[in-house]
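Please read the report below alongside the sequence and the three-dimensional view. It starts where the chains meet and then turns to each chain separately.

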Amino acid sequence: MNPKTVSYGQLLGISACLALALAAHFETLPGWVLATVAVSGGIRLLLARRGRPAPPRIVRLLIAALGIALLFRQFHTFNGLSAGAALLALMAGLKLLETDTQRDIYVITLIIYFVGLSALLEGDSFWLLAYLIAVCWLTTATLLRLTTTLPIPDWRRSLHYAGKILGQALPIALVFWLLFPRFAAPLWQIPDSGHSAGSGLSDTMSPGDIDQLALSDDVAFRVRFAAATPPQQELYWRGLVMHDFDGHTWRRSYFDSRSVPPLQPQGPAYRYTVSLEPHEHRWVFALDWPSQWDSAGGVLTADYTLVRRDPVSRPIEVHATSYTRMQSPAVLSDSLRKRDTRLPLNRNPRTIQLAHTLRAAHPDDMEYLQAVLALFSQQPFYYTLTPPLLADDSVDGFLFDTKQGFCGHYASAFATLMRAAGIPAHVVAGYYGGTFNRFADYWIVRQSDAHAWTEVWIEGRGWLRIDPTSAIAPSRVEHSAGDAVSADEPLVSRWQRRAPWLADARLRLDALRQMWRERILFFDQDSQQQMLAWLHIPEPDGQKLVLMLAAALAVALCWLTWSVHRETGPVRKEPLVRAYSRLCTKLAAIGIPRLPHEGAEDYALRVAQRRPDIGPAVSELCEDYSSLRYAAAAARTTIREFDAAVRAFRPTAAAKPRRG
Amino acid sequence: MRQAAIDKLRAWTARRHGPDSLPIRIHRRRVYILPTRFGMMLALMLAAMLIAGLNYNSNLGLAFAFLMASVALVTMNHCNRNLVGLQVDATAEVDAFAGGEANFDFVLRNDSRVERRDVEILCMGALGIRSVGAGSSESVPVAVPMARRGVTRIAQFELRTRYPFGWFHAWTYVQGSLTAYVAPAPRGSRTLPAVGGSGYASRSEARGDEDFAGLRAYEPGVPLKHMAWKVLARGAEAAVRSYTGLAAQPEWLEWSSLEGQDIETRLSQLCLWVLESDAAQRVFGLRVPGKEIAPAAGAAHRFACLRALALFGSEEPH
């Protein structure tokens, strides 16, 4: 490339493209990186405006060294997505600063494309993809204007041409995307993307705290059952188990690598797929109780919860099988028993007193349990999402003073009462129920479906799931979320109850989103093999996939070459002109060629003079041609009829001897 | 190394396609294409995109990477198409002076539906560039520098393009024979020789009215100044005013009058005289070994003389 210097207009165009590409990173990039890029671009544009070249090399080097040092201080690495994207952005800004020749601008276009890609590695929405394709389109049009020498095409034509190229590229890209082999595991380990705050359930539960989750309309995960769907009241989505209680807060004790005591499944198995929204925690929600799961689900803890090695920072999909009924092992190990009966000393004295009183009346574990549940249903306990705040001895405060709370309060109080009576118990946090999307047959579980329940160990029966909240507010358990709600209910859900069509529209939208998830985001090896099987290709495997890719690419490239080169040949004449020239050829074949300057009527006259026998036919045809050509509205024939007449016209060579 | 490879390719294509008779239509089988340096950088970036997409297991990232790769593939086709089907013609013979430029005129005809942008013609290192709209044709002047006197034959020229985006470089060689007749650089210190004792007519005499000898019939090549416009205006046959000084005493520009100088110097001197005589609208003849041009005047005569000087010493019969 010849080192032509760049103009202000060219710089402005490319800077705009870069800014649009970086906008996709706006939330993730450090502010100072964006500022550096903006300032570099601004300085360069100002200089260009005054017709001055890039700032001297030493200035540029200084800024570059400073920027990279700062970057390293912040990230401690250049590997990984956030650091890589920041480095890329910084490089683009610095390149902009030093841009003098067209070659520099070419490098910037490549950086812009790569910035677009890196945004897609993090993001997952359809709109992001559409936006970045639009940016790519604009950049390509800008590049066209940069590389074209002679009269530079205007923006409309550049965009049109770049759009045409993108349009032709789409089918080929689709072939690549569908058939390019995917790897099950990454080529190398990706470093954690950082320490973003988690969302959704946390690993502590303080009954007195107001649980904002219940008011959140965000989706926690979506579930599609492969075949049978369990009854709604059995949809307990197990998240994490909390064992440690300090009198106020329940905490999750960290997973110890004890082998998992096997559970005996009972009843039907349910196969399903959980599409988890990123929540930055390591646990995965599965239907109570999971028995099989794929690698994305991680490992099973001794609490029968699934835990991954890495936090869920991108949407993931877990295929699993669960049984809603289980027979737990016959014996509980001493260490577990000890852990699940431990209570903090001198906390919640009134509760412990109550437990002792009740226990004296009900020496049998099961009877005691029923007595506690009866207590909850008979005494005036209320279910509310805005309970009064509780002091340190939260269970005492709840059971004897406020008597208002939601699932967390009841689970906490119930587990405490069990432990006080020497019955092993712990709190399970997760979600309950969900909304069935009847438009696409899957369940949406929102943050407002968050729930806490307990599990108690009854000798001879093993672990039993007890949901104390159901003893108080059956409506909460039977209808899930929305119904038991206060004035704090989100505006959206209030509208939805007033206008069912709005709820339907929302479900349909969510169905689209879920389809995008399942079909596009989680398209993997399995999906590819299913696709091959659908095409009736026997024994689909990786090798067949590659063969298919080669075959499909060959077809696509042939199509491309054909469609591109179709336009290189001479333009076909329009049908009318073709028909007329056919007539002229026929007449030329009998010795009366049309002269180059001769119009149709003169030609007809001349033919009639030399061949009176075909004269009328020819002059009629020529008349038709003239009227079709110059007065199409008034023509008595159509072009098609004219063409047919010309084809039918067969002059014989010299039927009569020619006159001189 | 690179140059040697290019030379080899040129020779190979010349053998492969044989000589072309202009005008020709560029067939797709003779268009070659390779990525440019920018294209190589793009390829590297595409590889990085693919690896990133695979590693992060990001279907959207892969979709974007594949889209960009497909854009590159489509662009390759478009770059190739920019030349295919184009018709090329050129002026076969061109006159020039040594040290000057031979102005070849190439004609690109595009009878297809698509515009051909930024088509470059590379001829002996000289470059011409044009865009040809759909269904139109453009002439591309290419000024080829000519260092030495003589006949320069150009057996091959190149059509190339980087459109669009400059990622690819498509080119084709055309084996059309173009000829530049390079006259010597007009140079010399001697004055015009006075042949035959009668002397030559000076400029002022040539224009003088007193030398007017009468009218003779028009023949092509006569300077416009000598046309008898008034006669023509009366509706009579075109006529030319003839002057005694010019018509009667032709002067000879003689090779032999320049004894003792080397060949090129003598030719340069003769060339200068031809130009001077022509500028003075004199009737003159040229005599060099093996060639004699009868006295005459006008542009055609000047060309004949210059070409004789260009051809001097070459085997080519003319």
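## Where the chains meet

Two residues are said to be in contact if their C-beta atoms, placed from the backbone, lie within 7 Å. By that criterion, the contact between the chains takes 47 residues from chain A and 49 residues from chain B. On the side of chain A that touches chain B, the elements giving two or more residues are α5 (102-122), α6 (126-147), α7 (155-179), α16 (500-521) and α18 (542-565) of chain A, where helices (H or I, at least four residues) and strands (E, at least two) are DSSP runs, numbered from the N terminus. The largest share of this side, nine residues, comes from α7(A).

Sorted by class, the side of chain A that touches chain B has 35 nonpolar, ten polar and two charged residues. In this sorting Ala, Val, Leu, Ile, Met, Phe, Trp, Tyr, Cys and Pro count as nonpolar, Asp, Glu, Lys and Arg as charged, and the others, Gly among them, as polar.

## Basis and confidence of the model

This is a predicted model, in which local features need pLDDT of at least 70 and side-chain atom pairs count only at pLDDT 80 or more, whereas totals for chains, interfaces and linings use all residues. Residues are numbered from 1 along each chain as its sequence is written, while chains are lettered from A and ligands numbered from 1 in the order in which they are written.

The model scores ipTM 0.76 and pTM 0.71. The pLDDT, which is the predictor's confidence in each residue from 0 to 100, averages 81 in chain A, where 88% of the residues score at least 70. Over residues 475-488 of chain A the pLDDT is below 50, and this stretch has 25 contacts in the model beyond near neighbours in sequence. Residues 656-660 of chain A also have a pLDDT under 50, and for them the model has two contacts beyond four places in sequence. Chain B averages a pLDDT of 80, with 84% of the residues scoring at least 70; over its residues 195-210 the pLDDT is below 50, with 22 contacts beyond near neighbours in sequence.

## Overall organisation of chain A

Chain A contains 22 helices and 19 strands. Of its 660 residues, 36% count as buried, a residue being buried if 20 or more other C-beta atoms lie within 10 Å of its own, exposed if 12 or fewer, and partly exposed in between, with C-beta atoms placed from the backbone. Among contacts in chain A between residues at least 6 apart in sequence, 72% join residues at least 24 apart.

The domain assignment of chain A gives domain 1 (8-152), domain 2 (208-494) and domain 3 (575-648), with bounds that come from an automatic or database domain assignment. The centres of domain 1 and domain 3 of chain A, taken over C-alpha atoms, are separated by 64 Å.

## Helix α2 of chain A

Helix α2 (residues 31-49) of chain A has 19 residues and should span 27 Å at 1.5 Å a residue, which agrees with the 27 Å between its end C-alpha atoms; the expected span is 1.5 Å times one less than the number of residues. The buried residues of α2(A) are A:Val33, A:Thr36, A:Val37, A:Ser40, A:Gly41, A:Arg44 and A:Ala48. They lie on the same side of α2(A), because they cover an arc of only 125° around the axis, the arc being that of the directions from the helix axis to the C-beta atoms.

These buried residues of α2(A) pack against α1 (8-23), α3 (57-75) and α4 (81-98) of chain A. On the other side of α2(A), A:Gly31, A:Ala35, A:Leu46 and A:Arg49 are exposed. The helix α2(A) is followed by A:Gly51, whose phi is positive, near 75°.

## Organisation of chain B

Chain B contains eight helices and 17 strands, and buried residues make up 39% of its 318 residues. The domain assignment of chain B gives domain 1 (2-183) and domain 2 (203-311). Their contact takes seven residues from domain 1 of chain B and nine residues from domain 2 of chain B.

On the side of domain 1 of chain B that touches domain 2 of chain B, the elements giving two or more residues are β9 (150-154) and β12 (178-183) of chain B, and β12(B) gives the most, with three residues. The residues of this side divide into four nonpolar, one polar and two charged.
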